[in-house]
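Student: Could you walk me through how to read a few features of a structure? I would like to start with annotated spans and end with helix packing.

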Amino acid sequence: MKLILFCRGRRLSALQLLLPFALTLLGRIIDGQAGVERTKSDPLYFTPSSWRRDLVFPVFYEKFDRARLVMEYILEVHQVYGEIEEFKYSSSSFNGTIEEFANLMLNDLAKERTIPLYNELVQYGLVKLVNSPYIIVYYRNASNHSDGIAMQLALNAWVKCSLGSEFSVQSGVQLHPRPYEDMVDRFPRRWTTFFFLSISMAVVPLPFMYRLVLERASGTKQLESMNGVRPYDYCRGHFLFDFILYYLMVVPVMVVLFLSGLTNHDQTLLTIIILTVFGLTMIEYLYALHFFFLKPMVAAFVVFMINMVIGVTLSTYVVSSALKGKPGQEFILFIGVTVSISTPNFPLTGFLYLLTIQPSNFLFPVDTEIYDASTFFCHPISFIYCLLFQLLVFWTVVAFFEFKVDKKIRCLLPTEVTDDVSPIDFLEDVDVKTIRNKIDSAHKSNLIVTYSLVMKNLKKQYRTDHQVLTAVHNFSFGMYEKECLGLLGPQDAGKTTVCQMITGEVNISYGQVHMNGLNVMKHAKRTQTMIGYCPQHDDMPDQLTGREALYMFARLGGVPGKVLPKIVQNTIDLTSMSPYEDQLIKTYSSGFKRRVSVAIAIIGSPKFILLDEPTEGLDAQAKHMLWEVFQNLRKAGKTLILATRSIEECVTVCTHMAVMVKGHTVCLGVPERLKQKFSKGYTVTLYAMPSDIGGYIDLTSAEEYVLDKFHGSKLFAKSESYVDILVPEAVPPADVIDSLESALNTLNFQRYKIQQTSFEQMLLKFMKTD
């Protein structure tokens, strides 16, 4: 499906593929056109006496090395800087090389001395005799002209050793700009390219994020899950496609970097590694983040801002500050490590920054001091470790949500449910209580064996800051095969919530649902494969055609490939989708989209079919056509649940119906029995008189008068302005009129109305009850 969506969204797909390449190429062109300023400068001549005298200059040498050149070097340092820190190395007393000995001594020296501007003032010389009369002199490249100082001292020692102590050497430094072909390693000629590359890498995740959130927000992902797509299969398929797409985006970028000479062989290999790890981490990062968004554009904007502010700007500042050795490096390190987890672009930008400013020794840290707190951000390998750590964290978050670990934990914990009392409780019919008691008193094993689908005391509550809202109150019912239960009620009656609890889409606050003997909360994936679900809203990919959507969901539902075309065509004919089945879904009307949703629900012949307002927006002909389809499915052995606001639809299709009002089941049973039960007698409506101070005069006295006067009467509905009372048919209408006329002036009601009670009127009264 993703491949189809990618191919059909040509503009977005082309932009997604070409943007990193285009920005990198643009930066390379700008860098190539930037000229090098060639300035003339006079040479700067200096001797050791020209440098500052407050440098601390430790010298390390072999303890038993008495070569004249080494001694001359030590003497030269002593003459320039006076008393020096002299460390004699012996392999017999120290298990390690002279370089390791120097690092250890320097670390101790840093702790013993409190030297301001330590990085600038402390130099060190490490002289080592190699095939006398040649020596190797190591120096600490931290302050200005460190290399010049070390070279001057070594040259003077060599000259005095060769010509005499009266001779010395004068050094000079002069700016000699290199030609263009030698300047590719300089910072100004790289920065634009890598800056544009960092920006493009901040934009790359946006199309991925947009599609992920769109799929989840539209309900398509839930519908795929309902059709048997396991979390592992979903992540594996999407991850593989997204990673291939990502690699198609970065391969041209790698080619530009290599062919333009911006990276050598080692750098190119390391760049390929970090871009690969970044792709893996970035995809998992987006999968983890998309659970927290419902609007695709908002998600894309938030990701872009995080990548730009933290991933590019803050990353550049942290790494540059660490490299420059600014005060407060420990705090900068803390900030960097803390925020680096928030986006994979942080380590990627840091890596590109290092590649920009130190190409010659890129595989090594800038500063080799073992006591430098910011060394973490001075080594390119550190950023790869950071990305790998992020990959582990994001993968854990994705696994937690995809495998619904939170729901499984809730199933094991005791559930806290509030026993709330509702003013609608008095409307509950005696049959509702009888069925609930029957389900509650039966043993679990008997319920599982007896019923194909059983719902026991279902309750769903939502907690807010101030109160607990109950969407469904103690719904209980058992269904056999070839039965259809109609959930009839107005908007917000709890019909959709019941369906979502059965499918496992929402958690059950209290109660249980067993489908073919399986608990839907503990075995959600197994039970979802048995369900065909038509949600209240049309959740399907708009970029597919109707036929392609049926092919996809039929394949997910386990329809074999050999019979797939035939099954799809039969479903198209059954739901009368022809001749529009090969047009894009986004071109369909809302009514035709309902047909596609119904077709998706019934394709693959699932055992349980849940239909949430399936005929909403359809014309009368289309409604009757689908009603006939539902009846045929029921007769074929399917178990159906139909949530609707249409009385006619419920009476025509369903074998049982439950009238729901604000989460309460007010009546439940076979339609014929409900008709017989509620179509007898009269409905007396008493209207209240307006009060002088506003509102209405209380009708309690009038209500009690009618209930006491006519035996068997029952309160049906009550509000501030009126009250409905059911009067048995055994009471003559004339007696009712005479009694109300005599009490009209004494009981403070304004007027009354008597009408024959019909089944449809009763249902409408139920559904309109406040």
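This is a predicted model: local features need pLDDT of at least 70, side-chain atom pairs count only at pLDDT 80 or more; totals for chains, interfaces and linings use all residues.

Student: Where does UniProt place the feature "transmembrane region"?

Tutor: The unreviewed UniProt entry puts that feature at residues 191–213, 239–262, 268–287, 299–319, 331–355 and 376–401. Residues 191–213 are 96% helix and 0% strand, with end C-alpha atoms 34 Å apart. For residues 299–319, the figures are 100% helix and 0% strand, and the end C-alpha atoms lie 28 Å apart.

Student: Now a single residue, please. Is Ser200 buried or exposed?

Tutor: Ser200 counts as buried because its relative accessibility is 0%, and the cut-off for buried is under 20%. Ser200 sits in helix α7, which covers residues 188–203.

Student: Which residues is Ser200 in contact with, leaving aside neighbours within four places in sequence?

Tutor: Those contacts are Leu19, Pro20 and Leu23.

Student: And how do I describe two packed helices?

Tutor: Two packed helices are described by the angle between their axes and the distance between the axes. Take α23 (residues 590–602) and α24 (residues 620–635): their axes come within 12 Å and cross at roughly 5°. The two helices are therefore roughly parallel, since angles under 35 degrees count that way.

Student: Which residues of α23 and α24 meet?

Tutor: From α23 come Arg595, Val598 and Ile602, and they meet Ala622, Leu626, Val629, Phe630 and Leu633 of α24. By type, the residues of this contact are seven nonpolar, one charged and no polar.

How values were computed:
Residues are numbered from 1 along each chain as its sequence is written. Side-chain values use heavy atoms; hydrogens and water are left out. UniProt positions are given in the numbering used here, feature names are shortened, and annotations may be inferred rather than shown by experiment. Helices (H or I, at least four residues) and strands (E, at least two) are DSSP runs, numbered from the N terminus. Buried means under 20% relative accessible area, exposed over 50%, partly exposed in between (1.4 Å probe, protein chains only). Contact means heavy atoms within 4.5 Å. Axes are lines fitted to C-alpha atoms, for helices over the stretch in contact, and angles run from 0 to 180 degrees between N-to-C directions. Angles under 35 degrees count as roughly parallel, over 145 as roughly antiparallel, 65 to 115 as roughly perpendicular and the rest as oblique. Ala, Val, Leu, Ile, Met, Phe, Trp, Tyr, Cys and Pro count as nonpolar, Asp, Glu, Lys and Arg as charged, and the others, Gly among them, as polar.
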